Amino acid sequence: MKQKLIKTAIVFFALIVVFTILSRVIYNMGTPKVMLAKAELMEIGPEIRGSGVVEAKKEIPIMIETQQLIKSVNVIAGQEVKEGDILFELDEAKLKKNVERKEQELDNILQQIEADANARERARQSRELMISQAETDYQRTVESGNEAVEEAAEDLEAAQEEYERFISNPGNYPGRTKEEFEQRIEEMQSAYEMAVDMREENIYQAQKSLDSLNIPEAEQNASLQMEMEREDKEAELNILKALEEKKGKIILPTNGVVSQVNVRPGSMTSGMGDIFISSASEGLILKGQFPEEQKEYLVVGTEVRISSQAFTEKELSQLGDLKIAAVSPSETGMGLEVSVLLEGSTVPIGTVFSMEIKTEKKSYSSCIPLSALREGEPGKYFVYMLGEKKSILGDEQVARKVDVNVLYKGNLYAAVEGIGDGNVISSSTKELTNGGRVKPQEQ
């Protein structure tokens, strides 16, 4: 019986030990595993980074006379091309027909111009004849008017002389009265005045007709329009003939990179830039994309550092001191585009660089990983620090919540006040609570 009790006791205590071990294991499995970090003295500041692509400062449009049929296209966007390369070819048969059509159009307009010139010459001759006739009419009007006035003046003078003779010797005029002679003078005076007035009116009207014919003719709008059309047709024909001489081959005038191809075989030229070439001869520019919220740091004249695994430090240093030349809204409508001039550079168009905008940094005595910083209420921050507390199982390591004042928050680190010299918890496998047990892990 005694042996049985001993065995039972042994089994009981064995079970207690087993359950204690199991509970401890389960307890440990539920304990968050954390990584620790020590606050450090650091010089930190905003890190403004982005990437940029080298482009030509100026694009050259390859413009061909509109509505020309394209036979083949020999380049694609992004392709590096050299002066003399054939970009695309026009259909020669269609080009020849276009030349013939343009020649016919030019011939038609030349015939219209000739007909218009003949009509204007006939009009000029007719006008000159009318002017000559008007001059003759004017001279006749002056002469006839003068004759009528002279005759009226002579009649008036004769009436006055006869009246004076009557006054001197009335007997020579039996049966005549003084009133008759005076009435005669009045009639001749009225006739004279009428002749003068008639002469002046007729001369005025003749001069008016002559003046109207002597007014220079305004240039006919139709004639000007035809002349402008002739110049346009000749220019278009010269372009088409030049293309015909080159057998419809569109040849690149300079080295560069194809930035846009807006045509394909079987399509028609638009006359507004069928292919665009980025030419390094016009200068290069590095264009980078940055978020809108970094606008305050993107200032014209600010130093820019670039990097690329494809270039050595020496090669990068040869690009000189780089600065922001312009800041504008991105063409995509998202963020900002920063432009940096690459003066005298021979970097290939399309090269991608990492860009860093230089900003002022400040020294802080207590900097922690950004992952350790947690936000509670809006605008208020705290961290979990490693602490200890006693329990029935002995001293345990726990997370202790500490409110902090954030001096600066960067991309990787934050400068804070209020944590002292302890260790902060930078990461955890589980959600932490204030006073909750944690299990630190080695870095």
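This is a predicted model: local features need pLDDT of at least 70, side-chain atom pairs count only at pLDDT 80 or more; totals for chains, interfaces and linings use all residues.
The chain has 5 helices and 22 strands. Its radius of gyration is 54 Å, well over the 22 Å that the globule rule gives for 443 residues, so the chain is more spread out than a compact globule.

**Overall dimensions and contacts**

- Taken along the principal axes, the box filled by the C-alpha atoms is roughly 210 × 70 × 50 Å.
- Buried residues make up 31% of the 443 residues of the chain.
- Among contacts in the chain with a separation of 6 or more, 76% come from residues 24 or more positions apart.

**The helix pair α2 and α3**

- In the contact of α2 with α3, the residues divide into 24 nonpolar, 9 polar and 8 charged.
- Glu-179 belongs to helix α3 and has a relative accessibility of 53%; because the cut-off for exposed is over 50%, Glu-179 counts as exposed.
- Between the C-alpha atoms of Glu-179 and Ala-206 there are 40 Å, with the two residues 27 apart along the chain.

**The barrel**

- A barrel is closed by 6 strands, in the order β3-β11-β14-β13-β12-β15, with antiparallel pairing.
- On average, neighbouring strands of this sheet are turned by 45° against each other, direction ignored.
- Strand β3 (residues 48-56) and strand β15 (residues 352-357) run antiparallel and are joined by 6 bridges.
- Arg-49 has Glu-356, in β15, as its bridge partner.

**The loop between α4 and β8**

- Lys-247 sits in the loop that links α4 (221-245) and β8 (249-251).
- The phi of Lys-247 is positive, about 60°, although this residue is not a glycine.

Terms used. Residues are numbered from 1 along each chain as its sequence is written. Side-chain values use heavy atoms; hydrogens and water are left out. Two strands pair if DSSP finds at least two bridges between them. Helices (H or I, at least four residues) and strands (E, at least two) are DSSP runs, numbered from the N terminus. Axes are lines fitted to C-alpha atoms, for helices over the stretch in contact, and angles run from 0 to 180 degrees between N-to-C directions. Ala, Val, Leu, Ile, Met, Phe, Trp, Tyr, Cys and Pro count as nonpolar, Asp, Glu, Lys and Arg as charged, and the others, Gly among them, as polar. The radius of gyration is taken over C-alpha atoms; the globule rule is 2.2 Å times the number of residues to the power 0.38. Buried means under 20% relative accessible area, exposed over 50%, partly exposed in between (1.4 Å probe, protein chains only). Contact means heavy atoms within 4.5 Å.
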